[in-house]
Amino acid sequence: MLDSVEPYVTADGRTIGGVLMDMRGITLRFGGVEAIKNISFDIREGEIRAIIGPNGAGKSSMLNVISGFYHPQEGEVWFRGEKRAAMKPYQVARLGIARTFQNIALFEGMTVLDNIMTGRLTHMKTGMLSQALWYGRAQAEEVANREVVERIIDFLEIQAIRKTPVGRLPYGLKKRVELARALAAEPKLLLLDEPMAGMNVEEKEDMSRFILDVNDEFGTTIALIEHDMGVVMDISDRVVVMDYGRKIGDGTPDEVRGNQEVIDAYLGVAHD
Amino acid sequence: MSADFLYGIEVVINGMMAGVLYALVALGFVLIFKASGIFNFAQGVMALFAALTLVGIMEGQVPFSHLINAVFGTNIHNFGWEVPALLAILLTLVVMIVFAWAVQQFVFRHLVGQAPIILFMATIGLAYFLEGVGDLMWGSDIKTLALGLPQGGSIWVEDLTSGFGGADFYGFFIDKLDMVATVVAAVLVICLIIFAQYTKQGRAMRAVADDHQAALSVGISLNFIWVLVWSLAGLVALVAGIMWGAKSGVQFSLSLIALKALPVLMLGGFTSIPGAIVGGLIIGVGEKLFEYTIGAPFLGGATENWFAYMLALIFLVFRPQGLFGEKIIERV
Amino acid sequence: MLYREAGDFKTSYEADSQTFPIRFDRIGFWVIMAIAFGVIPFMINDYWANAIFVPFLIYAIAAIGLNILTGYCGQVSLGTGGFMAVGAYACYKLMTSFPDVSIIIHVILAGGITAVVGAAFGLPSLRIKGFYLAVATLAAQFFLIWLFNKVPWFYNYSASGQISAPERFVGGFAVTGANTAAPAKYLICLVFLTVCALIARNLTRGTIGRSWMAIRDMDIAAEIIGVNPLKAKLTAFAVSSFFIGIAGALFFAVYLGAVEVGEAFGIQKSFLVLFMVIIGGLGSIFGSFAGAAFLVLLPVALKVIGVDLLGWPTDLVAHLQLVIVGALIMFFLIKEPHGLAQLWRLTKEKLRLWPFPY
C-alpha cells in the first residue's frame with residue numbers, strides 16, 4: 001500500500017498525500033570518500049519520515065543534500081513534482097524547506113524573538129529604503145510577521161523567554177527555540193537533525209509531543225534523524241535505514257524492525 | 001643579454017632578499033597562531049620595540065627617562081655607559097621574554113576560548129600599548145642601530161657580474177646588509193624548524209597547536225607553551241628589528257613594514273612554515289618586479305605600499321585556504 | 001526608583017518594537033535632542049566646536065558605519081580610513097565640479113559613491129572570512145590612499161597635492177570654508193548624525209538587521225535558514241561605507257577644511273574608529289556614540305591634565321595616550337566585550353531596582 005502514490009489515511013486519522021520530495025540515486029563524495037552511495041527514497045506529503053543508522057552512516061550528509069548545503073555528484077532531487085536545479089541553501093529555504101541542526105545553530109547574540117523572526121525572513125519582502133524609513137510598509141510587515149511568530153511562541157510554550165538572549169538559555173530550551181525558528185518559516189518540509197540528542201526522558205517526551213503536534217495541526221511534512229529507537233518507532237510513519245552510506249532498509253517501523261540486514265547492521269549490535 | 005633584462009634579474013634578487021625578511025616576520029605570526037590561535041597583529045610593533053630596546057641598552061639610556069624627568073623634575077638621560085652589542089642583544093632577549101610572560105599573564109590568559117576575531121582585536125590593542133610603552137621608555141626620535149654590520153653595495157658581486165652585460169651594465173648592485181640578513185634569517189628559520197620538529201618543547205608546541213584539550217590531558221602546560229611561543233616570536237621580532245633597524249633606522253615606520261608580513265601569511269596560509277617562506281619570497285619578488293615593470297613607469301611609483309595586499313586579496317578570492325592550506329570542508 | 005519600567009505595558013507590537021520601549025528613556029531622548037538642537041548651538045564657541053563637538057559628531061557617524069559592518073554583520077574592517085578618504089575626495093570633486101548644487105546633496109552623494117566602492121571591496125568577503133578578511137581590507141586602505149596621492153585628477157592638479165574645501169552655504173550660513181561659524185559647523189554635523197543614527201536604528205531592528213546579525217553569529221546556519229549571504233554582506237558593506245563616506249566628507253569639508261590624504265585618512269584613522277566601536281560596544285548604536293565621545297574626550301582630557309596642568313611635554317602625553325588606549329582596548333575585550341553600552345545597560349538594570357538589591 002505504501003508504495004502507491006494514492007493518498008491514504010493513517011490509523012490516527014492523518015491524511016498522507018502524494019510524493020513531496022523524491023531523492024533519486026544520490027551519490028555524494030568528499031574527495032575519494034563516498035559518504036552516500038546511490039540512495040533513493042521519497043518523502044510523502046504529511047508524513048513523518050525517519051532516517052536512522054549508526055554513526056557515520058551518512059544521515060546528516062543526506063539531510064545536508066536535501067537542504068542544499070552539499071551538492072551530490074550524482075543523482076536528482078525532485079521536490080513537489082519538479083526536478084530541483086543545483087541551488088544555494090538560501091534558495092532551497094525559499095522553496096519551503098526548513099531545518100534544525102544536530103549541534104544547535106542558533107544566533108547566540110540575538111534574543112529568542114529575533115531568532116524566530118529571522119526564521120520568517122523568507123516571507124519578508126520590503127526593500128532596504130522602506131526599512132530605513134521604518135514607518136509604513138516596513139513596520140506593517142514587521143507587525144504582521146510578529147503575529148505569526150507569537151502564535152508559534154504560544155504553541156511551543158516559550159512566552160517567558162521571548163526577550164532573553166539565546167546564549168543564556170539551557171540546552172533543552174535552545175532545542176525548542178531552534179524548532180520554533182524552523183517553524184516560523186511555515187515550511188512545506190521540516191528537517192530535524194537529532195531533535196532529541198542529549199535530552200532527558202521528560203524533555204524527549206515534550207519534544208515528541210511538539211513534533212507530532214506540528215505534523216498534526218499544521219500538516220507539516222517532517223523528515224528527522226534520531227538515535228533513540230523507541231522514539232523513532234513510536235512517532236514515524238516510515239523509516240529509511242542507512243549504513244556506511246548505503247540504504248539497507250526502507251518501510252514502516254514494523255517492516256524495518258523485521259529486516260534481517262537492519263538487525264545485523266544496527267539494531268542487533270545495539271541491543272545485544 | 002640586454003641591460004634591462006639583467007636589471008630585471010637584479011630586481012628579482014633584491015626582491016628575494018626583502019622577501020626573506022618578510023618571511024621572517026611572518027614566521028613570528030605563524031608560531032603564535034599555530035600554538036594559540038592568536039593572530040598577532042602586534043608582531044610588527046614587537047620588532048620595533050625590540051630594536052628600540054636594543055639601541056636603548058647599547059647606548060645606556062635610562063628607561064622612561066622622559067617620564068621620570070617630567071614627573072620629578074629631574075634631568076637624567078643616560079647611565080653614562082655603553083653596553084657591547086652581544087650583551088645588549090642578550091639583555092633585549094630577556095626583556096622580550098619578560099614581555100612574553102606579561103602578555104600571557106595579564107592579557108591572553110583571560111581571553112582563552114574567545115572568538116579568534118576578539119583575540120585579533122586584542123592584539124591591535126596590544127600593538128598600541130607596546131608602541132606607547134616603547135616610546136615612553138626610549139623616546140620616539142629616529143635612532144640609528146650601529147651593530148657594525150656591513151653596509152653599502154657589495155663591490156665584489158658588482159665586479160663579478162659586470163661582465164654579464166654590455167658596456168651599459170655595471171654588474172648587480174646588492175646591499176651587503178641584505179646578504180647578511182638573508183643568511184641570518186635562513187639560519188633562524190632552520191633553527192626554528194629543528195626546534196619544532198626534534199625537541200621535547202617543540203613537540204609539545206605542536207601538540208598544543210593540534211588540540212588544546214588533548215595536550216592538557218597528557219600533561220603539557222598550556223601556559224608554559226604559550227609563554228614559550230611568545231618568547232620565540234619575540235626572538236624573531238628582535239632579529240627582524242635588528243635587520244630592518246640597521247637598514248633604515250629605528251622608527252615607527254618599522255612596525256608598518258612588518259604589516260607586509262600579513263599578506264605573506266594570507267598567501268602561505270596561517271599555519272604553514274614553508275608557506276610563510278614561499279609566501280614571503282613571492283611577495284618580496286612580486287612587489288619589486290611590479291614596481292620595476294609597471295608601477296614606476298606607468299602608475300607613478302610607490303606601488304609597494306599596496307601591491308602585496310592586492311595580490312593576497314585577489315589570490316585568496318580564488319584559493320581561500322592559501323597556498324599550502326587544506327581545502328576547507330564546511331560542516332553543520 | 002527613579003528609573004523604572006514597571007507599569008509600562010505594551011498593547012501593540014508597534015509599541016513593543018519602538019526604539020525606546022521604556023518611557024523614562026523616551027523622555028531622556030527628547031531632553032537630549034532639545035539640548036543638542038536648542039541650547040548648545042547658542043553657547044558653542046570655536047574651541048568647543050573644533051576640539052570636542054564637531055569631531056565627536058563626525059566620528060560618531062563613522063563609528064555607526066563601522067559598527068554596522070563589524071558589530072552587526074561581524075566583518076572586521078581595517079579600511080575605514082580609506083573609505084573616509086573616498087567620501088572626502090568624492091565630496092571635493094562634486095563641490096568643485098558642480099558649485100551650484102547644495103553641499104548637503106554633495107555629502108549624501110559622496111556617501112553613495114563610498115557605498116559603491118565599499119561594496120566592491122566587500123565582494124571578497126563572500127570567500128574570505130574572519131581575520132583573512134580584516135587583512136584583505138588593508139588592501140582597500142593602502143590602495144585607496146595611494147590612489148588619492150598619485151592621481152592628480154582627484155586633487156584637481158593642485159601643487160600641494162592637498163584638497164581644500166571652497167566656501168559653501170546652507171540657508172545663507174557658511175558651513176564650509178574659512179569663515180564658517182562654530183554653530184553652523186556643529187549644526188550641519190548634528191543633523192547628519194541624527195538622520196544617520198535613525199536610519200541605522202531602523203535598519204538594525206528590522207529584517208535586514210536580523211540577517212546581518214544572523215550572518216555574524218553563524219553564517220552557515222543563516223544561509224540555510226534563507227539569508228542570502230551575498231546580499232547580507234554586500235548591503236552591510238554598502239550601508240556601512242555610506243555612513244563612513246558621509247563622515248569622511250564632513251571630516252574634510254566641515255571639520256578640517258584642507259586635507260592631506262595620508263595624514264588625515266591613514267591607517268591610524270581605521271584603528272581609531274575600530275577602537276571607538278570596541279570600547280563603545282560592538283553591535284550597539286548607542287555604543288557608537290559612547291565610544292566616539294570617549295576617544296574624542298580622552299586626548300582632550302589628557303592634554304588638559306598632562307600639558308596644561310602638570311606641564312609635561314606634549315609628545316610624552318601623546319605616548320601615554322597610546323598606552324592608555326591600548327590598555328583600555330585589552331581591558332574592555334577581557335572584561336566587557338560589549339563595551340560601554342553593556343556597562344550602561346547593567347547600570348540601568350541596577351537602577352531599575354534601586355535602592356533594593358533584588
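**Hairpin in chain A**

I started at the hairpin of S11(A) and S12(A): two residues lie between the strands, and Tyr244(A) takes a positive phi near 45°. Strand S11 (residues 238-243) of chain A and strand S12 (residues 246-251) of chain A are antiparallel, with five bridges. In S12(A), Asp250(A) is the residue opposite Val240(A). For the names, I took helices (H or I, at least four residues) and strands (E, at least two) as DSSP runs, numbered from the N terminus. Strands count as paired if DSSP finds at least two bridges between them.

**Ground rules**

The model is predicted, and I kept to its limits: local features need pLDDT of at least 70, side-chain atom pairs count only at pLDDT 80 or more, and totals for chains, interfaces and linings use all residues. Residues are numbered from 1 along each chain as its sequence is written, while chains are lettered from A and ligands numbered from 1 in the order in which they are written.

**Open sheet in chain A**

Next I traced an open sheet of four strands in chain A, in the order S4-S3-S6-S7, with antiparallel pairing. Strand S4 (33-44) and strand S7 (82-83) of chain A are at the edges with a single partner strand each, so one side of each has no neighbour in the sheet. Strand S3 (residues 19-30) of chain A pairs with S4(A) in the antiparallel sense over eight bridges. I looked up Met21(A) and found its bridge partner in S4(A) to be Ile43(A).

Helix H1 (residues 59-66) of chain A lies across S3 and S4 of chain A, at about 120° to S3(A). Axes here are lines fitted to C-alpha atoms, for helices over the stretch in contact, and angles run from 0 to 180 degrees between N-to-C directions.

**A covered helix**

Is helix H3 (residues 112-119) of chain A mostly covered or mostly exposed? I found it mostly covered, with eight of its eight residues buried. Buried means 20 or more other C-beta atoms within 10 Å of the residue's own (exposed is 12 or fewer, partly exposed is in between; C-beta atoms are placed from the backbone). The buried residues of H3(A) include Asp114(A), Asn115(A) and Thr118(A). Their cover includes helix H5 (137-155) and helix H6 (171-184) of chain A, together with helix H8 (207-217) and helix H9 (219-225) of chain C.

**Chain B and its side towards chain C**

For chain B I have 14 helices and zero strands. Of its 332 residues, 47% count as buried. Contact means C-beta atoms, placed from the backbone, within 7 Å. Among contacts in chain B with a separation of 6 or more, 74% are between residues 24 or more positions apart.

I then went to the interface, where 40 residues of chain B are in contact with 35 residues of chain C. Helix H3 (65-72), helix H5 (116-138), helix H12 (261-268) and helix H14 (304-318) of chain B each give two or more residues to that side. H5(B) gives the most, 16 residues. By class I have 30 nonpolar, seven polar and three charged residues on this side of chain B. Here Ala, Val, Leu, Ile, Met, Phe, Trp, Tyr, Cys and Pro are nonpolar, Asp, Glu, Lys and Arg charged, and the others, Gly among them, polar.

**Chain C**

Chain C has 15 helices and four strands. Its radius of gyration is 21 Å, close to the 21 Å that the globule rule gives for 358 residues, so chain C is as compact as a globular protein of that length. That radius is taken over C-alpha atoms, and the rule is 2.2 Å times the number of residues to the power 0.38. I noted 53% of the 358 residues of chain C as buried.

The axes of helix H4 (residues 80-97) and helix H6 (residues 130-150) of chain C come within 8 Å and cross at roughly 35°. Among the residues that meet there are Gly82(C) and Tyr89(C) in H4(C), and Leu144(C) and Phe148(C) in H6(C). This contact has seven nonpolar, three polar and no charged residues.

**Gly79(C)**

Last, I looked up Gly79(C), in the loop between helix H3 (46-72) and H4 of chain C. Gly79(C) counts as buried because it has 31 C-beta neighbours inside 10 Å. Leaving aside neighbours within four places in sequence, its contacts include Phe121(C), Ala140(C), Gln141(C) and Ser270(C).

Conventions. Two residues are in contact if their C-beta atoms, placed from the backbone, lie within 7 Å.
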